[in-house]
Amino acid sequence: MIKQTLDYIRTNVIKKRIIKPKDKAESITFFNYPYQAIEEAVVNALYHRDYQEREPVEITIEPKKISILSYAGPDRSISLDAIHKAEHLKSRRYRNRRLGDYLKELQLSEGRATGIPTIQDELRKNGSEPARIETDEDRTYFLIEIPCREGFENASEPLNEPLNDKEMLILREISNRQPINRKLLTQITGISASTVTRIISKLSTDSFLLIERHGTKKDGGYILTEKGQIYLEVLKASGVNT
């Protein structure tokens with residue numbers, strides 16, 4: 001069940017973005033949700049839940065966050081202050097020790113109270129906001145909310161300005177032949193190399209984020225981002241020839 005859940009999230013939810021800063025040689029790669037953080041949160045929820053409770057673990061995927069809710073809450077040996085800080089939850093009592101041993105054999109858990117620190121560290125490295133933990137005074141539930149990294153949650157928002165004919169042509173050709181490099185785009189469209197470069201730079205900026213570089217320098221090319229795909233789908237649904 002854990003592996004099926006993680007496979008679904010990795011395939012259908014997690015998105016990658018690559019940005020090439022103008023003042024740096026290296027590209028920056030980041031994700032809407034770092035996979036390792038999601039893996040830790042899902043495993044923790046199913047490892048530490050109270051299996052005498054009938055309520056299932058609930059995973060809710062929203063535009064701005066992923067929420068994972070399990071029953072019951074953290075052990076009372078963990079202070080509310082530590083829970084609110086959401087940095088390190090070290091308990092003197094563990095539920096489901098045998099399940100924990102099995103998860104360690106599957107390399108899904110370490111069993112050393114490293115779950116929350118790992119989640120927060122992976123979010124930090126990804127440039128995301130920290131996760132938030134919530135419970136009640138009676139410790140009846142445990143809720144962790146993992147925020148979407150800035151830049152992904154607005155994928156369906158309209159553009160600040162419409163694209164001109166040449167920009168639309170480049171975007172369509174990338175959609176039809178992705179991944180595609182600049183040289184081939186120039187040959188297919190008949191647009192000058194300098195104009196193709198300018199358009200690619202524009203469509204890759206934070207203001208648009210319609211395309212991104214994918215693959216190696218030798219064999220890679222440009223592909224549509226999630227926002228680019230949505231943009232073309234909206235135009236098509238509106239009757240615009242894309």
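**Entry 1: a loop with a cis bond**

I began at P179, which sits in the loop between helix 6 (165–177) and helix 7 (182–189). Helices here are DSSP runs of H or I with at least four residues, strands are runs of E with at least two, and both are numbered from the N terminus. The peptide bond from Q178 to P179 is cis, and its omega is near -5 degrees. I noted another cis bond from Y71 to A72, with omega near -5 degrees. A72 belongs to the loop between strand 4 and helix 3 (80–85).

**Entry 2: ground rules**

This is a predicted model, in which local features need pLDDT of at least 70 and side-chain atom pairs count only at pLDDT 80 or more, while totals for chains, interfaces and linings use all residues. Residues are numbered from 1 along each chain as its sequence is written, and side-chain values use heavy atoms, with hydrogens and water left out.

**Entry 3: the whole chain**

I looked up the inventory: the protein chain has nine helices and eight strands. Of its 242 residues, 42% are buried. Buried means under 20% relative accessible area, exposed means over 50%, and partly exposed is in between, using a 1.4 Å probe and protein chains only. The chain exposes about 14600 Å², with carbon and sulfur atoms supplying 47% of that. Areas come from the Shrake-Rupley method with a 1.4 Å probe, and for residues only the protein chains shown count as cover. I also checked contacts (heavy atoms within 4.5 Å). Among those with a separation of 6 or more, 57% join residues 24 or more positions apart.

Next I traced an open sheet of four strands, ordered 3-4-6-5 with antiparallel pairing. Two strands pair if DSSP finds at least two bridges between them. The edges are strand 3 (58–61) and strand 5 (132–134), each pairing on one side only. From one strand to the next, the twist averages 15 degrees. Helix 2 (residues 35–48) packs on this sheet and touches strand 3, strand 4 and strand 6 (142–147); its direction makes about 15 degrees with that of strand 4. Axes are lines fitted to C-alpha atoms, for helices over the stretch in contact, and angles run from 0 to 180 degrees between N-to-C directions.

I then went through the pairs. Strand 3 meets strand 4 (residues 65–70) through four bridges, and T60 stands opposite S67 there. Six bridges join strand 4 to strand 6, where K65 faces P147. Strand 5 and strand 6 share three bridges, with I133 partnered by I144.

**Entry 4: strand 6**

Is strand 6 buried or exposed? Six of its six residues are buried, so strand 6 is largely enclosed by the rest of the structure. F142, I144 and I146 point one way, while L143, E145 and P147 point the other way.

**Entry 5: positive phi**

I found R139 with phi near 55 degrees, a positive value in a residue other than glycine. R139 lies in the loop between strand 5 and strand 6, and is buried at 10% relative accessible area. L209 also has phi near 55 degrees. This residue is in the loop between helix 8 (193–204) and strand 7 (211–214), and is buried too, with a relative accessible area of 10%.

**Entry 6: charges and a patch**

I counted nine salt bridges, taking a side-chain nitrogen of Lys or Arg within 4 Å of a carboxyl oxygen of Asp or Glu. In helix 1 (residues 2–12), R10 and D7 are three residues apart, about one turn of the helix, and their closest N and O atoms are 3.0 Å apart. In helix 5 (residues 115–126), K125 and D121 are four residues apart, and the N to O distance is 3.8 Å. K125 counts as exposed at 58%, while D121 is partly exposed at 33%.

Which residues are linked in a network of salt bridges with R132 and E134? K65 and E145 are.

Last, I noted a nonpolar surface patch of Y8, I59 and I61, with about 270 Å² of accessible area together. Patches use residues with over 30% relative accessible area and no salt bridge; like charges are joined within 9 Å, nonpolar side chains (Val, Leu, Ile, Met, Phe, Trp, Tyr) within 5 Å. I59 lies in strand 3 and is partly exposed at 32%.
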